[in-house]
Amino acid sequence: VKLTISKKSGKTTYGTAKIKVKAKEGVKVKKVTYKSKNSKIVKVNKKGKVTAKKAGSTKIKVTVKYKKKKKNLKKTLTCKVTVKESGGTKTTPPTPTGNAGVTQSPAPTGNAGTTQSPAPSKAPISEGVQKRWDELIEKGTIKVKDGVITDCDKSFEGELIIPEGVTGIGEAAFSECSSLTSITIPDSVTSIGEVAFYECSSLTSVTIPDGVTSIELNTFLECSSLTSITIPDGVTSIKNGAFWGCSSLTSVTIPENVTSIGTGAFNECSSLASVTIAGNTSIDDTFGFSGPFASCNNLKEVIFLDGVTKIGRRILYECSSVTSVTIPDSVTSIDKSAFRYCSSLTNITIPDSVTSIEYRAFDGCSGLTRLTIPDSVTSIGELAFYDVPLIIYDGNAKDKEAWRAKRWERSDGTLVCEYKP
C-alpha cells in the first residue's frame, strides 16, 4: 500500500486511504479496531481512515471481533503502508492481510473463508534516513557487524530510525543510552538481544517487529519512561525481567501465541493498571519463583480473552492488588498457583466450562469471602483454597479435606466441612 505526500507551490497535501472490512455470509462483524505501529509515519482513526504524516514504512494492526456459528472469535490482521514524498497525491486503498471469517476490500480470491490482496513489495529506504544512518556508522556512533547492531554511543540523543536491512539488535547494544527518546525498528529485524535497551530511561515507546519471536532476558530493564509497548503476535516467549522496572507502563496485552513468561517479566511496573492475556500463558520459573507481575502495586484488572482454555501456572502469583479478573467461557482448567496470594481479589466468576482447579490455585485469596465453584469442576487439587473463607460447591470432587478452605457449604447452606488449622 502506498501513500504520497505532495509538496507544490508551498502547499503540502497528505495522502489518505480507507481500510474496509467486510463480512462473508454467515459471519457477523461485531467490532473493528485500528492501530498504527508508528503514528509518526501514518495515523489511522476509529473508522479506518489512514492519513500519511511523513515518509517511511510501517504497519497498521486491524483487530476484528466477529461471530461465526454462534462463536465469538477474534482475528488480528495487518496492513503494510509505505509513505513517499512526490509531486502527486495518488493513493492505493490499503488491504489488511490475514485469515479469519472476514473479508477485506478490495478482495480477490483467498483461503479459510477470507479474501485478500497480495502484500506490496517493500519501498526503498528513505534517502534521508539512509544518509543519517551512514553518517552515524561513519562516525562510530553506531556499530554494526554482519547486519546486527552491536553498540551505540551512550551519548546519543533523540530519535533513531533504523533502516531496512538490519537484521538484529545485539546484546546490550543500546544499554544505558539514557537520552534515546524514540526508536523505529524495521521489519527486517528478527532478534533483539538481552539487556538491549537496559536503562534507556528517556525511551517512551517501542514497536517490536513481527519477525521477533522472543523478548529476551532484561531487554527493556529499567526503561522508566516507557509508556507503551506493542508486542507482535509472533512472539512466543517473554523472558525473565524483560520489562522489569518500566514504571511508566500503564497497560499491556500478552498475545495469544505467548506460551511462557518469565519470573519478574513485569516486576515493579508500578503504573501498570491493566493486563490483557490472549493465550494459554504459563510461568517460566527457570530463574526464580516469583510471578511475572509481582510488585505491580497498581495492577487492578486482568482480562483473559475468549479463546483462552487454560489459566496458566502462577500467571498472577503474588498480584496482591488485583481486584477484578475476567475468565471467559472457553477456559476449562485453572492451573497450579494461578491466583496464589491475590489477597485483594474479592469476587471472581468461574464459568461452567471449567472442569479442574489445580494445586494451590486460590491459595491465599483471603478476600474471597464467598467463592462459588460450578458443578462442572470434577477435579480439585491439594490446598486449592487454602485461606479462602468460604466456598460454595455442590459437586463431587474428591479429597475435600485437602482443599483447606476455611468453610465449605452446599448452595442450600448445608455445611460440608470446615478447616481449622
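Visitor: D363 first: is this residue buried or exposed?
Guide: Buried, with a relative accessible area of 2%. Buried stands for under 20% relative accessible area, exposed for over 50%, and partly exposed for what lies in between (1.4 Å probe, protein chains only). This is a predicted model, where local features need pLDDT of at least 70 and side-chain atom pairs pLDDT 80 or more, while totals for chains, interfaces and linings use all residues. Residues are numbered from 1 along each chain as its sequence is written, and side-chain values use heavy atoms, without hydrogens and water.

Visitor: Which residue does D363 form a salt bridge with?
Guide: R340, with the closest N and O atoms 3.1 Å apart. D363 belongs to the loop between β29 and β30 and R340 to the loop between β28 and β29, so this pair ties together parts that are 23 residues apart in sequence. A salt bridge needs a side-chain nitrogen of Lys or Arg within 4 Å of a carboxyl oxygen of Asp or Glu. Strands (E, at least two residues) and helices (H or I, at least four) are DSSP runs, numbered from the N terminus.

Visitor: And R340, buried or exposed?
Guide: R340 is buried, at a relative accessible area of 11%.

Visitor: What is the N to O distance between D187 and K59?
Guide: Their side chains meet at 3.8 Å. D187 sits in the loop between β15 (180-184) and β16 (191-192), whereas K59 is in strand β8, so the bridge ties together parts that are 128 residues apart in sequence. K59 counts as buried at 8% relative accessibility, while D187, at 28%, is partly exposed.

Visitor: How many salt bridges does a search of the whole structure find?
Guide: It finds 11.

Visitor: OK, which residue does E159 meet in a salt bridge?
Guide: K54, at 3.4 Å from N to O. E159 is part of strand β13 (residues 158-161) and K54 is in the loop between β7 and β8, so parts that are 105 residues apart in sequence are tied together by the pair. E159 is partly exposed at 29% relative accessibility. K54 is partly exposed too, at 27%.

Visitor: Changing topic to the backbone. What is the phi of S337?
Guide: S337 has a positive phi, about 55°, although this residue is not a glycine.

Visitor: Where is S337 placed?
Guide: In the loop between β28 (333-334) and β29 (356-357). S337 counts as buried, with 5% relative accessibility.

Visitor: What about the phi of R360?
Guide: R360 is not a glycine either, and its phi is positive at about 55°. R360 is found in the loop between β29 and β30, the loop that also holds D363.

Visitor: Is R360 buried or exposed?
Guide: Buried, at a relative accessible area of 17%.

Visitor: Now the whole chain. How many strands does the protein chain have?
Guide: It has 34 strands, along with one helix.

Visitor: And what share of the residues is buried?
Guide: Buried residues account for 46% of the 421 residues in the protein chain. D363, at 2%, is one of the buried residues; K59, at 8%, is another.
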